Amino acid sequence: MSAQHQQYKFSEIIADPRIRERWEKVRRYFFLRESTYDMSNRCNIRCEGCYYFAGEKQFAIENSDENSWRRLFQSEKERGITFAVLAGAEPSLVPHLCKICYQTIPLGAIASNGLKPISREIDYRIHISVWGNDRTSETIRKAPNMLARQIANYKDDPRAVFVYTFTPENIDEARQVTKLLTDNGRQITFNMFSAPVGYQGHLRHTSETLKKTREVMSELLRDYPQTVLFSTYNIVAHTEKSALHELFSCSYPRMNSSMDVGLGRTFRQYRTDLQWDREAACCVPDTDCDDCRHYAAGSALVTARMYRHAIDPVTFSAWLDYVDTYLAVWVRGYDKGVNLCNTFITPPPKN
Amino acid sequence: MSNHTNQTIARISEIIIDELKLEDVTPETFDADLDLVDEVGVDSMDLATVALVLRDEYGIRIDEDDYPKLTTVRIIAEYIIDKQNSNE
């Protein structure tokens, strides 16, 4: 639903005190400019459908020289990067390198499987990947008691947010996992399995599993509002039949040739040999762009489309909920507000 | 340069200074030929914010694909005047 019939000025949209307050809250973070870094080419588990072990980046030589990393992060800071995302294959295996990054760029997030705790002195958001309940994790990730170990490792740790990746096979398990995290005072956000290039396995979503995922996400957002960091518009953006690029036009260099402004200008995705390739630069390299519904991609893509959403109070509220969610998931110390829009709106077209 | 263009440049400068809270700059001293990204430090979200205020001010739509072209205040002013003329 959106009020398409009336033409609104932006000043009229933000005249609503709730909208204006949220707008002022989120715009203070518009200074964030991200790049991502593969920290190690090793991982302590092997998961089916893993993005890191698709494509060529897994074969990059691992540079473990601290001075080289220090110089890299310093140069990144100097060229305006204010937010670091540490990923691939498993950053917790190289905590000394994570620490160097944190000392240079104090805002960031680490994507981890959560099996090896990361020292609290690295005060980044920590995204702990969850792919179902423990039985499913053992099947797909070949690791027993994943969730119990992850929760124990990050008990009472405000850095942690659990990222539940919906595959076609674990949709119903999200209820059990969310309840368990609620009981343990933890927070969860949702990701969608997005096929790596060439992947034709059973984890690729279908229109039926997208619909079912939407229903379960909605149920959990309604039933666990304190636990679930998500919004109705997040659900829309990530479970539409069309993937993110078709809906919002991907801003990452791999799909965006512009080097003039925005992510096309600033974003780089460094591999473990400290090299990067503009042709491959993407928040989750080697994802099939036509199937990309990844939460990290959406955080940048949807957020960047502010102008498109500033057409009426409802649509702009939905966009603000998305940005509020994105900041709560990625930025330490940012608290998510109550969602402003609880109706399913259609993503506005480009023109 | 026409008086209309000068007025448009002055108003856009005022909007950018106000929206981006630029210190130590006034519309009179703001160089209309500065590169907004490289020399003023405007990023894509700043540009989107300015575009929304310009939409209110001039009643014109700025296409997302045009953002990279809007590199200086003078170019923005010419873009707006062109849009206004084509809408007439």
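Start by selecting the place where chains B and A meet: 22 residues of chain B are in contact (heavy atoms within 4.5 Å) with 23 residues of chain A. Keep in mind that this is a predicted model, where local features need pLDDT of at least 70, side-chain atom pairs count only at pLDDT 80 or more, and totals for chains, interfaces and linings use all residues. Residues are numbered from 1 along each chain as its sequence is written, chains are lettered from A in the order in which they are written, and side-chain values use heavy atoms, with hydrogens and water left out.

Now colour the surface between the two chains. About 2100 Å² is buried there (accessible area, 1.4 Å probe, lost on putting the two parts together, summed over both), and carbon and sulfur atoms give 51% of it. Pick out B:M45, B:D56 and B:E64 next: they supply 30% of the area that chain B buries against chain A, more than any other three residues.

Stay on B:E64 and show A:R308. The two form a salt bridge (Lys or Arg side-chain nitrogen within 4 Å of an Asp or Glu carboxyl oxygen), with the closest N and O atoms 2.7 Å apart. In total, 6 salt bridges link chain B and chain A.

Last stop: A:C47. Its sulfur is 6.1 Å from the closest cysteine sulfur, in A:C50, too far for a bond.

Definitions and conventions: Disulfide = S-S within 2.5 Å.
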